[in-house]
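Hello,

Here is the structure I promised to hand over. Please open it first, then read my notes below.

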Amino acid sequence: MAQARKRRLRLSAIIGTVPMMIVAIGVYVIGIAFTVFWSFTDSKLFPNSTLVGFKQYHRLWQDDRWLVAVQNIWIFGILLMVFALAFGFLLAVFMDQEIRQEDLLRSIYLYPFAMSLIVTGLVWQWMLDPNFGIEHTVRSLGWANFQFSPLVDPNTAIYGLVVAGIWQGSGVTMAILLAGLRGIDAEIWKAARIDGIPIWRVYIFIVIPMMRGSIGTAFVLIAVGVVRVYDLVVAMTGGGPGISTNMPAVYVIDMITKSYNVGQGMAAATIMLLPVIAVIALIGLGRIVSTRRKNAAILRAEATA
Amino acid sequence: MTNHSVSVKDLTLNFGAVKVLKNLTLDISEGEFIVLLGSSGCGKSTLLNCIAGLLDISDGEIWIKGKNVTWAEPADRGIGMVFQSYALYPQMSVRGNLSFGLKTAGVPRAEIEKRVARASEVLQIEPLLDRKPSALSGGQRQRVAIGRALVRDVDVFLFDEPLSNLDAKLRADLRVEIKRLHQQLNNTMIYVTHDQVEAMTLADRIAIMKGGHIMQLGTPDEIYSRPQNRYVADFIGSPSMNFIDGQLQDGVFARGDLTIPMAGYNYASPQPPGGPATIGIRPEHVVTGELVGNAPVQLDVTVDIVEPMGSDTLVWTEVAGERFRVRMDGHAQVRHGEPLRIGIVPARASLFDAKSELRL
Ligand SMILES: Nc1ncnc2c1ncn2[C@@H]1O[C@H](COP(=O)(O)OP(=O)(O)OP(=O)(O)O)[C@@H](O)[C@H]1O
Ligand SMILES: [Mg+2]
C-alpha cells in the first residue's frame, strides 16, 4: 500500500518537473558540457574546436593572477563562512529572546541581502575610502592617527571584501537560523532548565545539534555565494590594487572579455565547478546516510516495541 | 508547615492583563500523589510551571520541603519534571539524556553511573541506554523522560500530561507503572491531566480546577461521592450526572409531580435548608431490575434511546421533563418506547443550592 502510494507520488512529481528538467538539461548541462569542452581547446577570441589537451590547465596553474585568485577565495570563503555563521547565529539568538520590534529588526538585518552586491560593494567602498569613509570620520573626531583603509593596501584589500561580504550575508543567515531556533520545542528548554544546564551549554550541546538542517542550509547558501563572488569585487576593488583581490569568477570573465583567451577562461571555470560538485556530492551522501540510519533506527524501534 | 512537601500560598499569576491563577492555595503532604484535573485552559500547566519555577509568579509564595523557593532556580528546587512531548535531547543517547544534567552539576562519575543504573533498572530501559530517542517508541521515550527526573534524586516529581501522546493501551500500561513507581519511591508527585480515569486511579487527592481556581480538593472518593459544587459534580463521572432543578422543603425535594424525600441524605450543614435546589443523581446510582423494590423512591419512566456499550448499557429516559440517563447492566433487554421502573437512593444523590451551586 504505502509502497504503491510512494511510487504514484513520485510519478506525478516527475511529470510535474519534466519541463524544468528539460530546461535544466538543455541549458545547464549543455552549457557545462561546452565549458568543459572548450577548456581543452586553444580558443582565443572566439571558441574553436582545436583540441590541445591539458595545455590550458597547465598554463592556468602557472598564472600568478589565477594563483592569487585561488588563494583569495580560500581566505574570503573561510572567513566569510566563520563570521557570517557566527554573527548570523548570535543575531538569531538575540532575536529569539522575545524582543519587541522583532519585525522591524528582522527587516533591517535582511536589508543588505535584498540589495544588489554592486550597491553593497559601492557603499562599502565609500565607507572604507580613506578620504571620506570611516577613517576620515574617526580622524575628524580627534584621533588623528587612526588608520582603517584596508582597500588601498594590496595585503589587506581582501579583508575589506570580507567585511562587506559578512555585512551582506549575516542577515539571511540570521533569518534561516532563527527559523531553526523557533522550531525547537519550548519543553526542551524547560527540561534543560529543570536539569540546571546553563544556557550557553544548552545552545552548544542541545540546540545547535538540533539545528543541523538550518545550519546546513545557511552553509550551502554562503558557500555558493563565495564561489561565484564577482560583483562585490568589481564594485569595490576591480580586482586591485594590482592583482591582489582577484577571484576566480573575476578571472574567468577577464580572460574572456579582456584577454580574449576563452580556452583558459573555460579551464578556470571548469576548476570552479569542481568544489560545487564536491559540495553537492557531500550533501547527497550525507542525506543518504542519514535516511539509512533513520530507517534502521525506526525498524529497530518497531522490532522492540 | 514542616510536614508539607509542597505548599502554594496565595499564588497569583498574570500573563499581561490576564489573571490565569487567582490567590491559589494548595498544601501537599510528604509522599502524596496529587492530580490537577480540569478542562483545557484552566491553568493546570501554569500552576505546575509555577511550582517548577519555569514561570515567574506575580504574587504569593511557593515552599518546597520547608524552604521558601519562590525565587529559586528550577534546578535548585529539588524537583524533577516530565513533559507531554517527552522533551528528550534528541542528539544524545538515552544514557546521555539521563546523565547530562548530573554531569553539568558536577556529580562524580561513579555516582552518575550508579544513579543511571538504578533508574534504568526501575524503568526497565537498560537495553535502550545506547539508543537515540528517535529510535524509541513513544512509551519508551516517556520512560526515559521519567528516568531523567528519577536520576535527579529529588523528593518532588511534576508531570504535565505525560501520557497524552500515547495510544489508549500504552496509556493504561504506563499509568499502572507510574502508580507502581510512586509506591516504590514514595515521593511527592504532582500530576496534571485532563483524563478522569488517570486522575481517579492515580491520585491520593484530586484538585479540580476551573478558571484558575481550585473548585474542590479531595480524595477520589470524596470528589466522586460528595462533590462540593455543581461544576465538580458535572465534571466528574462518565456518563455525567443527571440534574433536576426544583425545590427543597422540609427534607423533601420536589419538582412538579416528582417528590423525593431526602431521608438518609448527609447534609453538608446541620440544618436542612430549604429553597430552590438542584438534585444530582449519577446514572450508575439509579437502581433497575429486581432491586428496584428496595429503593426508597421508585419512578416509572419510558425508554427513549438505548446505547449499548458492551459492559453496560446507557438508557436515556425523561424524569420531570428533564433528560435522565440510567446506566444498566450490559445484558439488559430494553427497547425504545418500553416502560421502565427505576429506583433512586437519596443517600447517594447530591443536592446543590440553585443559586450558589454549592453542595447542601
Ligand atoms: N504564555 C502565555 N501568554 C498568555 N496567556 C497564556 C500563556 N500561557 C498560557 N496562557 C493562558 O493561560 C491559561 C491557562 O493555560 P494552561 O496552559 O495553564 O492551561 P492548561 O490547564 O494546562 O490547559 P491544557 O489542558 O490545554 O494543557 C489559558 O487560558 C491560556 O490561554
Ligand atoms: Mg497544559
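Which residue has a backbone N or O atom 3.0 Å from an oxygen atom of ligand 1? B:Gly43 does. I come back to the ligand below.

Some ground rules. This is a predicted model, in which local features need pLDDT of at least 70 and side-chain atom pairs count only at pLDDT 80 or more, while totals for chains, interfaces and linings use all residues. Residues are numbered from 1 along each chain as its sequence is written, chains are lettered from A and ligands numbered from 1 in the order in which they are written, and side-chain values use heavy atoms, with hydrogens and water left out.

**Ligand 1**

The residues around ligand 1 include B:Phe15, B:Val20, B:Ser45, B:Thr46 and B:His194. Here, a residue counts if one of its heavy atoms lies within 4 Å. B:Gly43, B:Lys44 and B:Glu161 also belong to this surround. Polar contacts are pairs of N or O atoms within 3.5 Å. A side-chain N or O atom of B:Lys44 is 2.8 Å from an oxygen atom of the ligand. For a polar side-chain atom of B:Glu161, the distance to a ligand oxygen is 3.2 Å.

**The sheet in chain B**

Six strands form an open, mixed sheet in the order 6-7-8-3-9-10. Strands are DSSP runs of E, at least two residues long; helices are runs of H or I, at least four long. Two strands pair if DSSP finds at least two bridges between them. At the edges are strand 6 (79-82) and strand 10 (213-218), each pairing on one side only. B:Gly38 has B:Met209 as its bridge partner in strand 9.

**Cores**

A nonpolar core joins buried Ala, Val, Leu, Ile, Met, Phe, Trp, Tyr and Cys residues through side-chain atoms within 4.5 Å. Buried means under 20% relative accessible area, exposed over 50%, partly exposed in between (1.4 Å probe, protein chains only). The largest core has 55 residues. B:Leu36 and B:Leu47 are among those with the most contacts inside it. A second, separate core of 44 residues includes B:Leu174 and B:Val232.

**Chain A**

Chain A has 13 helices and zero strands. Its C-alpha trace spans about 70 × 65 × 30 Å along the principal axes. Of its 305 residues, 36% count as buried.

Best wishes

Key
A polar contact is a pair of N or O atoms within 3.5 Å; within protein, one must be able to donate a hydrogen and the other to accept it, and residues adjacent in sequence count only if both atoms are side-chain atoms.
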